[in-house]
Structure formats: structure tokens, C-alpha cells
Amino acid sequence: MTDERFLEELLEAVTVSGFEEEGQAVVRKYMEPLADELRTDEIGDTVCVLNPESRLKILMTAHLDEIGLMVTAVNEQGRLLVIDRGGIIPATYPGHRVKVMTEQGPVFGVVESYRDFFKKEGGLKTSDFLVDIGVDSKEEACRLVNPGAPVILDTGMQKIAGGRFVSRALDDRLGVYIIMEAFKKAGKRGCTSGVYSAATVGEETTKNGACWTAARVKPDLAVVVDVTYTSDCLGMNAADSGEVRLGGGPVLCNSPIVSKRLNRMMRECASGIGIEVQTEAASRLSYTDADKIHFAGEGIPVVLVSIPLRYMHHPAEMADEKDVEGCIDLIAEFLVKYEEMCAAWRV
């Protein structure tokens, strides 16, 4: 991949929804030398700007936040009680190593578990979790951790066979990497449009980052990048939203939210540079930042480019390097050619 260390640092950062500061610092570190402007708002959205003087504004967004937990209280035995931040799958947490982020640094632990825990009537809930950080009293635990601390599964990036890799929360730090790399590539190719590449906060919980960013940038159109389910793994059905396979290329969405015109332009760009694209379907909303951006201001045309992903919201999500590079190349081509295509389509 183009800048593998950038991606690794993004995936190493703790970015639980509402606690995206570590990830923002990584984005600023890699992008500040390359952007004409770098903006950060009060809730932490980070926007890299190319050609701010251009009248045409193209917004690109991907959300920086990840699902996780937040400490709510500590019991007398020194165990941490938690609530969810985003759509976690409770059964994936018991028995798993976790990392609690504090002002003094990370505190490591494990979510308590036993064999019959998984047989709980009505299924597991986050309120059932007890996080053991290795101490035996409330006093000891409170010296290490305060309520409000974010908690993540302690899993990192690992390359595997077939040009694929796994990590927690590729959703959607991988999208952030893609829009930033597309920004770089379009800039090197002489893109003259105004490009606003935004790592947004809060998508997994409130989508406030998308709302704030779109309202403030006031773009003419938006390219939203997120992950989507593949249909080529256990439990997935192509009838639900389409046939999507890992390694099959970027995914475009047929949805009432998505502009047909922008979809056609993306396909034209893909054809021009020899990139295979896949198609998914959504009967209503897309359940991405596109849903907030589309309704901002007087209305913003959006196109959704998705990354095929296996095992979404699990401890190890899987993606393919070919899909990542395909998304970067496709979006960069779109940014460079958009104004030219608009002129041609008016003829």
C-alpha cells in the first residue's frame, strides 16, 4: 500500500466514538505538510484542504471514530463497569483482552468470562460486562482508571495471505486513509478543484461530525467513503444488498440517497483507468455519513464509495490491499476529472 506506516499508525490509535484525539493527531502529522490548509473544529473533525481559492468545492469524508466501550463505574472488587459506544457485538468481548485509555497511559485488562456466561437468557448485554484490570479493590482501580475512560479490544493490524490484512476497526479508519491518499494523489496530478478531505467524528454514535463538516464547508458535492459487508463469508446473503466480494474492487451504491449522475461519473472514471467496480443496493438510507451530508444546507449530492469488508464490528475485520488501492485510484481520478466531465456532459 502507498503509505503503509500512515495506515498502521491510524489503526494503532484509540479512536472510540467521542475520543478521536489520537487519530486526529496522526492525520495532522501526515497531512499538514501536504495540505494548503488544515482545519479542526470544536468537536475534532479534521479537514485537509486543497485549492481553497477554487469556487468548486468537493467534500470527501470518512469517519475516524470506532466502536468500543466507556467506563461508567468501578465496583467494590475493582472491576470496571462499562457502556457501549456504537454498535458493538456483545458476544465478541467476554474473555478478550482490552485496553483502557487514561490520562496516565493505557491500562490493560480482560473482560471477565466463564463457560456458562454465553448461555445467559436473553443474550449478553454490555451491562453484564466486568473488566478485570488486575486489582482487587475499588480504591486500587480508581487510582488507575476514572469513569469516562474509553475501552478498546486489544487487537492490532496483521497481514495475512492473499494480499489481505486484519485489524480491529478498519471501519472506518481505512476510509480515512483512502481519502487522504486520494487527496495526495490528486494534488500531485494537478487537481484544480477545491478538495476538502475530512476525517469526521461520531459516525458510530451520532453522526455529528458529518453534520458539522458539511454545514461549514458548504460543498457542491460530497464523496463519502465507508466500509460495506461482503457476501462471500459465513452468514452473509447476496439477496440482502448485492453480491460483493473481497478483492473485487470498490463498491458503488444504488440508494435513494446517492446521486445517479455521480455514480455514472465514478463508473466512467473506473472504466477509463481499468478498475473493476462492484455494486450494492440500499432500499432507503445508507447508514453512513452520507445520510447526514445529503440533507445539509439546501441539499448536497453525494456518492458513496465503499470498501469491501469481512467481519464488520468484530475484533478482526478483514480487507484486501487491491480494494484499498482501487478506491484510492478511483477517487483520485474522479477529483482530477470531475470538472472536465461536467463540461463534456453539458454538451
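Arg5 has a relative accessibility of 38% and therefore counts as partly exposed; the class covers the range between buried, under 20% relative accessible area, and exposed, over 50%, with a 1.4 Å probe and protein chains only. Please keep in mind that this is a predicted model, in which local features need pLDDT of at least 70 and side-chain atom pairs count only at pLDDT 80 or more, while totals for chains, interfaces and linings use all residues. Residues are numbered from 1 along each chain as its sequence is written, and side-chain values use heavy atoms, with hydrogens and water left out.

Let me stay with Arg5. Its side chain meets that of Glu12 in a salt bridge, at 3.5 Å from N to O. By salt bridge I mean a side-chain nitrogen of Lys or Arg within 4 Å of a carboxyl oxygen of Asp or Glu. Glu12 is also partly exposed, at 46% relative accessibility. In general, side chains of opposite charge can pair when their charged atoms come close.

How many salt bridges does this rule give? The count comes to 26. One of them joins Lys120 to Asp128, with the closest N and O atoms 3.6 Å apart. Lys120, at 31% relative accessibility, is partly exposed, and so is Asp128, at 22%.

Another salt bridge is formed by the side chains of Asp232 and Arg310, at 3.1 Å from N to O. This pair links distant parts of the chain, 78 residues apart: Asp232 lies in the loop between β13 (221-229) and α6 (238-241), and Arg310 in the loop between β16 (302-309) and β17 (317-320). Helices (H or I, at least four residues) and strands (E, at least two) are DSSP runs, numbered from the N terminus. Asp232 is partly exposed, with 30% relative accessibility, whereas Arg310 is buried, with a relative accessible area of 14%. Salt bridges that share partners also join Arg5, Glu8, Glu9, Glu12 and Lys29 into one network.

I turn now to the aromatic rings. Rings of Phe, Tyr and Trp (its six-membered ring) pair if their centres lie within 6.5 Å; planes under 30 degrees apart count as stacked, over 60 as edge-to-face and the rest as tilted. The count by this rule is six aromatic pairs. Among them is the stacked pair of Phe6 and Tyr30, at 4.6 Å centre to centre and with 20 degrees between the planes. Phe6 in helix α1 (residues 4-12) and Tyr30 in helix α2 (residues 21-31) are 24 residues apart, and their pair links distant parts of the chain.

Are these two residues buried or exposed? Phe6 is buried, at 0% relative accessibility, and Tyr30 is buried, at 16%. Together with Tyr177, Phe6 and Tyr30 form one aromatic cluster.
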